[in-house]
Amino acid sequence: MLRNRKAEFVPVDTGVAGATDIEVLKGLKEGDEIITGSYKVLRTLRPGASVKVDNTAPKQELES
């Protein structure tokens, strides 16, 4: 989760999970900003780390 442009870890209860989505049942409030990214990047994230906000749409992969 993002607070004051810093990473903060918040325990949550999850529900249904798919390949790219996870349902969060408890632990977040309306308006909370969630940090997303690849597992490789997120596993190195530490509490209190500065986070750059990038709300641009992800690049679409071209179909072959």
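Predicted model: local features only at pLDDT ≥ 70, side-chain atom pairs only at ≥ 80, totals over all residues.
Biologist: Hi! Quick one to start: where is the place of R5?

Modeller: R5 falls in the loop between strand 1 and strand 2. Here strands are DSSP runs of E with at least two residues, helices are runs of H or I with at least four, and both are numbered from the N terminus.

Biologist: Thanks! Back to R5: what is its phi?

Modeller: R5 has a positive phi of about 60°, although it is not a glycine. N4 is in the loop between strand 1 (2–3) and strand 2 too, and it has a positive phi of about 55° without being a glycine.

Biologist: Is N4 buried or exposed?

Modeller: N4 is exposed, with a relative accessible area of 76%. R5 counts as exposed as well, at 53% relative accessibility. The cut-offs are under 20% relative accessible area for buried, over 50% for exposed and partly exposed in between, with a 1.4 Å probe and protein chains only.

Biologist: How much of the chain counts as buried?

Modeller: Of its 64 residues, 6% count as buried. The radius of gyration is 14 Å, whereas a compact globule of 64 residues would be near 11 Å. That radius is taken over C-alpha atoms, and the globule rule is 2.2 Å times the number of residues to the power 0.38.

Biologist: In what order do the elements run?

Modeller: From the N terminus on, they go β-β-β-β-α, which is four strands and one helix.

Biologist: How do strand 3 and strand 4 run?

Modeller: Antiparallel, with three bridges joining them. Two strands pair if DSSP finds at least two bridges between them. They form a hairpin with four residues between them, and A17 has I22 in strand 4 as its bridge partner.

Biologist: What about A19, where is that?

Modeller: A19 is in the loop between strand 3 and strand 4 (22–26). It is exposed, with a relative accessible area of 86%.

Biologist: New topic: how many salt bridges are there?

Modeller: The count is two, taking a salt bridge as a side-chain nitrogen of Lys or Arg within 4 Å of a carboxyl oxygen of Asp or Glu. E8 pairs with R3, their closest N and O atoms being 2.4 Å apart. D13 pairs with K26, at 3.7 Å between the closest N and O atoms. D13 lies in strand 3 and K26 in strand 4, so this pair ties together parts that are 13 residues apart in sequence.

Biologist: Nice. Is K26 buried or exposed?

Modeller: K26 is exposed, with a relative accessible area of 54%, while D13 counts as partly exposed at 39%.

Biologist: Last one: which residues make the nonpolar surface patch?

Modeller: V12, V24, L28 and I34 make it, over about 290 Å². Patches use residues with over 30% relative accessible area and no salt bridge, joining like charges within 9 Å and nonpolar side chains (Val, Leu, Ile, Met, Phe, Trp, Tyr) within 5 Å. Areas come from the Shrake-Rupley method with a 1.4 Å probe, and for residues only the protein chains shown count as cover. V12 is partly exposed, with a relative accessible area of 35%.

Notes: Residues numbered from 1 in each chain as written. Heavy atoms only, no water.
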